[in-house]
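Subject: A structure for you to look at

Hi there,

Here is the structure I promised to hand over. Please open it next to this email, and then read on for what I found in it.

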Amino acid sequence: EFEPALRLMRAQKVDMNLTHDHNPAAFLQALPTLVRQASPHLLSLLISALRPDDVTVSTYPNAPPPSSSALVPKAAPIVGGATVRKVDVVCDAMLAALEEVDNTKLLACKVLTFVRRDPPQVEAAVRSLQAQEQSVQEDGLEVL
């Protein structure tokens with residue numbers, strides 16, 4: 001149940017990056033379920049909160065590690081000779097999960113996945129908006 005967990009994190013002011021940084025592989029694998037279960041508002045907060053540092057090192061160094069069977073390397077993957085950044089990886093995976101769900105209420109979340117990248121992909125965000133009906137474009141434009 002992701003919705004109650006994200007609500008609790010928000011209420012207790014726990015950095016939402018912890019959802020990824022505690023166990024990146026498990027988080028990325030669970031993203032389709034998270035997108036189906038969480039409200040668009042909480043998904044937007046999660047995407048907006050993304051930052052490149054690992055909060056298990058910077059903010060919560062005493063947090064218990066994931067179970068030994070779930071341990072994965074935390075090093076950033078290297079693709080084509082360049083280090084892939086955490087925010088970009090999460091945004092790519094989140095966008096893929098959002099694309100699987102046919103829900104116009106998630107349009108702002110989709111736009112956020114473009115804008116939160118480094119560098120921001122504003123042109124891609126605008127193209128994504130242009131592909132939508134006029135009536136739902138306003139939600140996405142508010143994000144830009």
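**What is in the chain**

Starting at the N terminus, the elements of the protein chain follow the order α-α-α-α-α-β-β-α-α-α-α. That comes to nine helices and two strands, where helices (H or I, at least four residues) and strands (E, at least two) are DSSP runs numbered from the N terminus.

Some ground rules first. This is a predicted model, in which local features need pLDDT of at least 70 and side-chain atom pairs count only at pLDDT 80 or more, while totals for chains, interfaces and linings use all residues. Residues are numbered from 1 along each chain as its sequence is written, and side-chain values use heavy atoms, with hydrogens and water left out.

Of the 144 residues in the protein chain, 36% are buried; buried means under 20% relative accessible area, exposed means over 50%, and partly exposed lies in between (1.4 Å probe, protein chains only). Contact here means heavy atoms within 4.5 Å. Among contacts between residues at least 6 apart in sequence, 69% join residues at least 24 apart.

**Two helices side by side**

Have a look at helix α4 (residues 40-49) and helix α7 (residues 107-115), whose axes come within 9 Å and cross at roughly 5°. The axes are lines fitted to C-alpha atoms, for helices over the stretch in contact, and angles run from 0 to 180 degrees between N-to-C directions. That makes α4 roughly parallel to α7 (angles under 35 degrees count as roughly parallel, over 145 as roughly antiparallel, 65 to 115 as roughly perpendicular and the rest as oblique). On the α4 side the contact is made by P40, L43, S44, I47 and S48, and on the α7 side by C109, L112 and T113.

**The nonpolar cores**

A nonpolar core is a set of buried Ala, Val, Leu, Ile, Met, Phe, Trp, Tyr and Cys residues joined through side-chain atoms within 4.5 Å. The largest one has 23 residues, and L34, V35, L43, M94, L98 and L106 have the most contacts inside it. Two or more residues come from each of α1 (2-11), α3 (24-37), α4, α6 (86-100) and α7, with α6 giving the most, six residues. What does L98 touch, leaving aside its neighbours within four places in sequence? L98 is in contact with V35, L43, L106, C109, K110 and T113. There is also a second, separate core of seven residues, which includes L95, F114, A124 and A125.

**Salt bridges**

Side chains of opposite charge can pair when their charged atoms come close. A salt bridge is a side-chain nitrogen of Lys or Arg within 4 Å of a carboxyl oxygen of Asp or Glu, and by this rule there are six.

- K86 and D21 form one, with the closest N and O atoms 2.9 Å apart. This pair links distant parts of the chain, since K86 is in helix α6 and D21 in helix α2 (residues 18-21), 65 residues apart. K86 is buried at 13% relative accessible area, and D21 is buried at 2%.
- D92 and R117 form another, at 2.2 Å between the closest N and O atoms. D92 sits in helix α6 and R117 in the loop between α7 and α8 (122-130), 25 residues apart. D92 is partly exposed at 40%, whereas R117 is buried at 9%.
- D53 and R51 meet at 2.6 Å, N to O, and D15, R51 and D53 are linked in a network of salt bridges.

Happy exploring!
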